[in-house]
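I opened this entry to record what I looked up in the structure, taking one topic at a time.

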Amino acid sequence: MLKSLTITNYALIQSLEMEPNISLNMITGETGAGKSIMLGAVGLLLGNRADTKALLDMDKKCVVEGNFSIQNYGLEDFFKKEDLDFEKESIIRREISPSGKSRAFINDTPVKLETLKDLGKFLMDIHSQHDNLQIGEGEYQLGLVDAFSKSIIEKSAYNAAFKIFQEKKKALDKLSHEALELKKEADFNKFQLEELSGLRLVESEQEELENEQEILENAEDIKSKIQEILSQLENEEFGGLKTLALANQGILQLTRFAHKFEPYGERFKSVLIELKDIAASLEAEDALIEVDFEKLETIRERLSKIYHLQQKHGIDSVEGLMVLERELADKVFQVENLDDALEKLQIEKNLAEKDLLEKGDLLSKRRIASFQPFSKELSSLLHQLGMENAQIEFTNEKTQPTKNGLDKIDILFSANKGVKPQVLKQVASGGEFSRLIFAIKYIMADKMALPTLIFDEIDTGVSGEVALQMVRMMQEIAKKHQVICISHLPQVAAKGDQHYFVYKDSSSEKTISKIKLLQGEERILEIAKMIAGEKPSNTAFESARELLER
């Protein structure tokens, strides 16, 4: 329920505030005074798009704010899903800056326009000329039938099955497409895999092979140099170790003369041990190194193959080639097992489709069962609204599965006796559309959670007893829902629990729209003006009082 509405700097509205009654509210005013402008502002709260043309003063921002009481509408899950603070009285605000930037807020938290639209569906239902176009659309008609038939369980089950079917179909289509591509590349991938697998690559082997190649290529020189070093160290007459041994004896003699030289003895001993160890290690290395041209050629050939594959694939390491080998192996494996995978997915898709069609049939039966009572109730209401010969029929045509089910529903309508009902958009006039829409909204008010209903000149094209019947139906709706009605008929306006008057004020430099709550004599005067014009007669005043007292 809308508790209050504030509009600032929008179109002809400089500043406007209203606090609608919980039941039936009437808004009247001369043509062009700003009634439809108010609806445009309310539309901003429901997520409609806007631009800077909507600003009255181009130097100030436009602000539209609505305070809604939502405690009884089960919206806690919606707020939780959108990560918003739930408040029993929630404030929705829309701002449009002079630069054209639009911002939306729910309880002072910035939100996307889509979130505002989703919430707006639970808060308000606005009748407008757009509804007259919309009612001719199949999806809109399906929504009406689903609401009337209370098929929420069947629709939810179908939607869940449709989602699963779409997922299975998408997976099958994706794999089928990939299969075509993989099969095109299969022979090439298999060749590359065999080329890599044939090498039997080992992690870190490239570095080891390169080190071994380096030694084999210089084996003769290395062995010669080792022998030369060993000769310099171990020669019996002139070897370094022999000379150092003599020096070591001299240092030992020094330690006998004074303790101060003992550390030199220890240090020299360590050096002598290290040199002997080096000599032993070099002897061992010399024994291991062989001049093996055959082995060298083998290593060169293997490294050549590794370098070739690295250059071919743009990879600079053996490890990278091994990763590529695994990837190619996966692709080859997939191709070799594609038929099994495709068959499995096809079976899953077929089962999902079977389940979808079964649930779709249940939904269709529920819908079709509602056709007769829905058309009967609609026809009865239209008769009450002055269309004594109105006929309503529903037709259903089976379709391929869509998000809405397996049905293509059409509402057929005839306003005249002896004329066969036809598709709505081909036969209904503006006034007939308005009454049909109103009758549908009247029925739907009991079927759907619509906290606030707004009727924009729903009484267009009707008068007299029909208008009175229409407003009586509004009063019925208003017992359970808040209703706001923009009207040009005095007999309709007089039946509101609250009456607002929209008018133009040209007292300043710019003409602006204003609104005021009419009470007492002001309301009688406005009703009288609606009856007889700007200067109503005494008779008009009496008629106004009579309408208000009924």
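Before counting what each element gives to a lining, I note that helices (H or I, at least four residues) and strands (E, at least two) are DSSP runs, numbered from the N terminus. I also keep in mind that this is a predicted model.

Two or more lining residues come from each of strand 3 (24-29), strand 14 (498-505), strand 15 (512-518) and helix 18 (521-532), and it is helix 18 that gives the most, with 5 residues. By class, I read the lining of this pocket as 5 nonpolar, 5 polar and 7 charged residues.

Helix pair. I then turned to helix 6 (residues 152-199) and helix 13 (residues 338-384), whose axes come within 8 Å and cross at roughly 155 degrees. Angles over 145 degrees count as roughly antiparallel, and helix 6 and helix 13 are therefore roughly antiparallel to each other. The crossing in which helix 6 passes helix 13 is left-handed, and the residues of their contact divide into 19 nonpolar, 3 polar and 13 charged.

Loop residue. Last, I checked asparagine 404, which sits in the loop between strand 9 (391-402) and strand 10 (405-414).

Terms used:
Residues are numbered from 1 along each chain as its sequence is written. This is a predicted model: local features need pLDDT of at least 70, side-chain atom pairs count only at pLDDT 80 or more; totals for chains, interfaces and linings use all residues. Side-chain values use heavy atoms; hydrogens and water are left out. Axes are lines fitted to C-alpha atoms, for helices over the stretch in contact, and angles run from 0 to 180 degrees between N-to-C directions. Angles under 35 degrees count as roughly parallel, over 145 as roughly antiparallel, 65 to 115 as roughly perpendicular and the rest as oblique. A crossing is left-handed if the near helix is turned anticlockwise from the far one by less than a right angle, and right-handed if clockwise. Ala, Val, Leu, Ile, Met, Phe, Trp, Tyr, Cys and Pro count as nonpolar, Asp, Glu, Lys and Arg as charged, and the others, Gly among them, as polar.
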